[in-house]
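Hi there,

I'm passing a structure over to you, as promised. Please have a look at it first, and then read on for my notes.

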Amino acid sequence: MPLFYFHIISEDTFLDEEGTSFESEQDAMKHARELAAELVRSTGVVKGAIVVENDDAGGMFEVPLSSWNN
């Protein structure tokens, strides 16, 4: 299974050094969306993004935190 890294880029930057295995990019995207929603809900931070990459493809996609601001 591919290893995906979920970096938080906002006022502070947190790089995911360990990664998490998912069967597909779709599963990784779902996890990134859940992570972004939880981050906004728990911290109120809405500027920034979750940037997802994997060992094979490098930077793949990002989920803006502002998408989850209710």
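Below is what I found, from the whole chain down to single residues.

A word on the basis: this is a predicted model, in which local features need pLDDT of at least 70 and side-chain atom pairs count only at pLDDT 80 or more, while totals for chains, interfaces and linings use all residues. Residues are numbered from 1 along each chain as its sequence is written, and side-chain values use heavy atoms, with hydrogens and water left out.

**Overall picture**

The protein chain has 1 helix and 5 strands, taken as DSSP runs numbered from the N terminus (helices are H or I with at least four residues, strands are E with at least two). In sequence order they give the pattern β-β-β-α-β-β. The radius of gyration of the protein chain is 12 Å, close to the 11 Å that the globule rule gives for 70 residues, so the chain is as compact as a globular protein of that length. Here the radius is taken over C-alpha atoms, and the rule is 2.2 Å times the number of residues to the power 0.38. Along the principal axes, the C-alpha trace spans about 35 × 20 × 15 Å.

Of the 70 residues, 30% count as buried (buried is under 20% relative accessible area, exposed is over 50%, and partly exposed is in between, with a 1.4 Å probe and protein chains only). The accessible surface comes to about 4600 Å², and 47% of this belongs to carbon and sulfur atoms; the areas are from the Shrake-Rupley method with a 1.4 Å probe, and for residues only the protein chains shown count as cover. Among contacts (heavy atoms within 4.5 Å) between residues at least 6 apart in sequence, 46% join residues at least 24 apart.

**Charges and the salt bridge**

There are 4 positive and 14 negative side chains, and the centres of the two sets lie 13 Å apart. Lys and Arg count as positive and Asp and Glu as negative, leaving out His and the chain ends; each charge is placed at NZ of Lys, CZ of Arg, CG of Asp or CD of Glu.

How many salt bridges does a search of the whole structure find? The search finds 1, where the term means a side-chain nitrogen of Lys or Arg within 4 Å of a carboxyl oxygen of Asp or Glu. The partners are Arg41 and Glu38, with their closest N and O atoms 3.1 Å apart. Both are in helix H1 (residues 25–43), where 3 residues, or about one helical turn, separate them. Arg41 is exposed at 61% relative accessible area, and Glu38 is partly exposed at 39%.

**A few residues to look at**

- Asn54, in strand S4 (residues 49–54), is buried at 9% relative accessible area. Beyond its neighbours within four places in sequence, Asn54 is in contact with Leu3, Phe4, Tyr5 and Met60.
- Phe14 belongs to strand S2 (residues 13–14). With neighbours within four places set aside, Phe14 is in contact with His7 and Ile8.
- Glu17 sits in the loop between S2 and S3 and is exposed at 67%. Glu17 and Tyr5 are 12 residues apart in sequence, with 7.2 Å between their C-alpha atoms.
- Glu23 is in the loop between strand S3 (20–21) and H1, and is exposed at 63%. Leaving out neighbours within four places in sequence, Glu23 is in contact with Met1 and Pro2.

Best wishes
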